[in-house]
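This report covers the nonpolar cores, the helix packing and a few single residues. The chain comes next, followed by the findings.

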Amino acid sequence: MADAGPQALCAREPRVPAERLVAEMVPPPRFDSVRFDTYNPDPAQPSQAEAVTVLSGFAAGLGGAHASGAGKKRWFSKKPAAPAGPRGVYLDGGYGVGKTHLLASLWHATPAEPALKAFGTFVELTNLVGALGFQQTVQTLGGHRLLCIDEFELDDPGDTVLVSSLLSRLVEQGVALAATSNTLPGKLGEGRFAAADFLREIQGLSAHFRPLRIDGQDYRHRGLPEAPAPFSDEQVTKAAYATGGASLDDFPGLLEHLARVHPSRYGALTDGITAVCLTDVGPVPDQSTALRLVVLADRLYDREVPVLASGVPFDRLFSEEMLNGGYRKKYFRAISRLTALARDAKPLVSQ
């Protein structure tokens with residue numbers, strides 16, 4: 001048995017300074033060591049190998065001077081002309097085809113010091129603007145060589161306008177852009193969250209992006225066994241006490257706690273946690289709660305934190321109405337990621 005009992009996420013109320021939000025705009029631990037040569041293209045999907053070639057060339061092209069011709073401090077310089085031609089790439093594809101792997105590889109391959117490159121999800125970027133303010137965010141990121149945005153979302157028109165305005169300002173200052181989004185499973189070729197949708201919504205920025213389609217199946221389930229069925233409350237509790245650094249929470253109580261913690265702090269909420277153990281998992285009651293759970297699932301997946309649970313399987317967390325609604329892309333992503341983390345947690349029961 002572990003020397004100390006499990007922690008409770010519900011007992012944590014982290015405070016995250018704005019400086020940490022900026023410093024953490026790097027690829028998450030899960031993608032810290034990925035590179036283009038560690039990406040394994042599916043031979044049946046030539047678009048995957050093509051993506052590696054295109055992105056490698058894109059990274060190499062960012063090795064010169066800043067596109068604006070100036071460094072981070074340009075307080076008295078004239079407004080630089082917008083760079084000619086595409087200064088961004090947009091990776092369009094389904095769940096689990098390796099878009100985040102490729103995006104993180106682009107970040108690593110770009111020949112610039114880490115302080116001149118930024119990597120974050122769309123939600124993290126909007127949280128940064130909320131913490132710093134629009135002008136300070138422009139000033140903070142304006143001297144960067146590259147900004148990578150994972151999981152670009154168009155669900156909220158206000159956030160879309162905000163980020164589009166931010167990216168316009170950054171492009172004017174010579175920052176190169178890269179973004180990903182998801183396509184619904186089984187919808188490749190029909191009702192795609194496609195490049196056309198993305199480019200239409202960002203309007204004036206469309207000329208700065210080269211769409212790059214990446215086809216394929218979800219690698220998290222490609223050739224792997226099915227995710228384990230939920231365990232009993234007793235099994236989950238016993239594993240939590242036997243695993244050093246694990247947390248143990250009642251699922252309904254955790255959902256209530258998430259409502260009291262800003263989503264920008266969900267990463268800090270899991271600091272030092274080696275495994276998340278949840279009892280009494282059940283369907284999420286409403287959409288606001290569901291969206292908060294999606295953010296937590298993303299942070300756990302980024303940090304490779306296994307999730308051991310009792311109750312209903314993760315594919316029954318969201319109602320049919322939710323899965324058919326406007327946020328369905330987020331819910332399918334959460335199901336995919338939680339399923340992968342549940343598979344990772346299975347060995348904890350046999351400890």
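## Nonpolar cores

The largest nonpolar core has 63 residues, of which Leu-102, Leu-106, Leu-317 and Phe-318 touch the most other members. H11 gives the most to this core, with eight residues. A nonpolar core here is a set of buried Ala, Val, Leu, Ile, Met, Phe, Trp, Tyr and Cys residues joined through side-chain atoms within 4.5 Å. Buried means under 20% relative accessible area, exposed over 50%, and partly exposed in between (1.4 Å probe, protein chains only). A second, separate core holds 24 residues, including Met-25, Leu-125, Phe-152 and Ala-268.

Which residues does Leu-102 contact, leaving aside neighbours within four places in sequence? They are Phe-36, Tyr-39, Ala-51, Val-52, Leu-55, Leu-91 and Ile-214. Contact means heavy atoms within 4.5 Å.

## Model and overall make-up

The model is predicted: local features need pLDDT of at least 70, side-chain atom pairs count only at pLDDT 80 or more, and totals for chains, interfaces and linings use all residues. Residues are numbered from 1 along each chain as its sequence is written, and side-chain values use heavy atoms, with hydrogens and water left out.

The protein chain has 13 helices and eight strands. Both are DSSP runs numbered from the N terminus (helices H or I, at least four residues; strands E, at least two). Of the 351 residues in the protein chain, 54% are buried. Take the contacts between residues at least 6 apart in sequence: 87% join residues at least 24 apart.

## H11 against H13

Helix H11 (residues 287-302) packs on helix H13 (residues 328-345) at an angle of about 45°, with the axes 9 Å apart. Axes are lines fitted to C-alpha atoms, for helices over the stretch in contact, and angles run from 0 to 180 degrees between N-to-C directions. H11 and H13 are therefore oblique to each other. Angles under 35 degrees count as roughly parallel, over 145 as roughly antiparallel, 65 to 115 as roughly perpendicular and the rest as oblique.

On the H11 side, the contact includes Ala-290, Leu-291 and Val-294. On the H13 side, it includes Tyr-331, Ala-334 and Leu-338. By class, this contact of H11 with H13 has eleven nonpolar, one polar and five charged residues. Ala, Val, Leu, Ile, Met, Phe, Trp, Tyr, Cys and Pro count as nonpolar, Asp, Glu, Lys and Arg as charged, and the others, Gly among them, as polar.

## H11 against H9

Helix H9 (residues 251-258) also packs with H11, at an angle of about 95° and with the axes 10 Å apart. That makes H9 roughly perpendicular to H11. Phe-251, Leu-254, Leu-255 and Leu-258 in H9 meet Thr-289, Arg-292, Leu-293 and Leu-296 in H11. The classes in the contact of H9 with H11 are six nonpolar, one polar and one charged.

## Helix H4

In helix H4 (residues 122-132), the buried residues include Phe-122, Val-123, Leu-125 and Leu-128. Just after H4, Gly-133 takes a positive phi of about 90°.

## Single residues

Asp-215 lies in the loop between strand S5 (209-214) and helix H8 (233-242). Asp-215 counts as buried, at 15% relative accessibility. The C-alpha atoms of Asp-215 and Ser-47 are separated by 6.2 Å, yet these residues are 168 residues apart along the chain.

Asp-280 is not a glycine, but has a positive phi of about 60°. Asp-280 sits in strand S7 (residues 275-281) and is partly exposed, at 41% relative accessibility. Glu-304 also has a positive phi, near 60°. Glu-304 is in the loop between H11 and strand S8 (307-311). Its relative accessible area is 44%, so Glu-304 is partly exposed.
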